[in-house]
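Look at the model and its sequence together. This report starts at one residue and then moves out to the whole chain.

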Amino acid sequence: KIKNAGGAEPDEFESQVAQELLNLEMTSTDLKASLRDLYITAAKEVDCGAGRKAIIIYVPFKLQKPFQKIQARLIRELEKKFSGRHVIIVAQRNILGKSYARSQKTVGLRPRSRTLTAVQDAILEDIVYPTEITGKRTRCKVDGRRILKVYLDGRDQANVEGRTDTYAAVYGKLTNKQVAFHFSS
């Protein structure tokens, strides 16, 4: 259930997450068909402060849509298995630097979807999925810090409100950006 980049051996934690996915595929009747062709590329445990931890599961970009179809059920089951830890599924994306040069066969600029800001925006979308982001504001403080205010759909407030601290901590760990979540009415 896990295929690391470059054929590297998965570590103990990644193997544990992959084993839980395999167990879910074997035991859960409603997830069995959906999970058959899916696999993960990596898994990380992140400290969210106040003694809480979150699990980030990286999936291949091409398998992101099938994972999102079953994400609500899958996360519910995985959070039962890993009690007390929130589970977040993020697509594995590539960032190409400004000096990116294509090969001789293909010509053109670097794709917009591979820029740093595009990847960081997409990671934010992945973290809060299935909730939609309704707005973003960047607040520049006097001391030079920037805080990204993200407005989430107010309809999902009951489901997501307890997880916003985890979302902010995970996004901070992945991108080194401060983010604050609010709900639009």
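**A threonine in a loop**

Thr115 touches Ile95 and Arg110, leaving aside residues up to four places away in sequence. Contact here means heavy atoms within 4.5 Å. This is a predicted model: local features need pLDDT of at least 70, side-chain atom pairs count only at pLDDT 80 or more, and totals for chains, interfaces and linings use all residues. Residues are numbered from 1 along each chain as its sequence is written, and side-chain values use heavy atoms, with hydrogens and water left out.

Where does Thr115 sit? Its place is the loop between E3 and helix H5 (116-128). Helices (H or I, at least four residues) and strands (E, at least two) are DSSP runs, numbered from the N terminus. Thr115 has 12% relative accessibility, so the residue counts as buried. Buried means under 20% relative accessible area, exposed over 50%, and partly exposed in between (1.4 Å probe, protein chains only). A polar atom of the Thr115 side chain lies 2.9 Å from the backbone oxygen of Arg112. Glu20 is 95 residues from Thr115 along the chain, and their C-alpha atoms are separated by 34 Å.

**Aromatic pairs**

Rings of Phe, Tyr and Trp (its six-membered ring) pair if their centres lie within 6.5 Å; planes under 30 degrees apart count as stacked, over 60 as edge-to-face and the rest as tilted. By this rule there are 2 aromatic pairs.

| Pair | Distance between centres | Angle between planes | Type |
|---|---|---|---|
| Phe13 and Phe82 | 6.5 Å | 50 degrees | tilted |
| Tyr167 and Phe181 | 6.0 Å | 70 degrees | edge-to-face |

What does the pair of Phe13 and Phe82 tie together? Phe13 lies in helix H1 (residues 12-27), and Phe82 in the loop between helix H4 (71-81) and strand E3 (85-92), so the pair ties together parts that are 69 residues apart in sequence. Both Phe13 and Phe82 are buried.

Tyr167 belongs to helix H7 (residues 164-175) and Phe181 to strand E6 (residues 178-184), so this pair ties together parts 14 residues apart in sequence. Tyr167 counts as buried, at 4% relative accessibility. Phe181 counts as buried too, at 12%.

**A hairpin**

Strand E4 (residues 133-140) and strand E5 (residues 146-153) run antiparallel and are joined by 7 bridges. Two strands pair if DSSP finds at least two bridges between them. Gly135 has Tyr151 in E5 as its bridge partner. The hairpin of E4 and E5 has 5 residues between the strands, and Gly144 takes a positive phi near 100 degrees there.

**The whole chain**

How many helices and strands does the protein have? There are 7 helices and 6 strands. Along the sequence they follow the pattern α-α-β-β-α-α-β-α-β-β-α-α-β.

The C-alpha atoms fill a box of roughly 55 × 50 × 30 Å, taken along the principal axes. Of the 185 residues, 38% are buried. Take the contacts between residues at least 6 apart in sequence: 58% of them join residues at least 24 apart.

Conventions:
A polar contact is a pair of N or O atoms within 3.5 Å; within protein, one must be able to donate a hydrogen and the other to accept it, and residues adjacent in sequence count only if both atoms are side-chain atoms.
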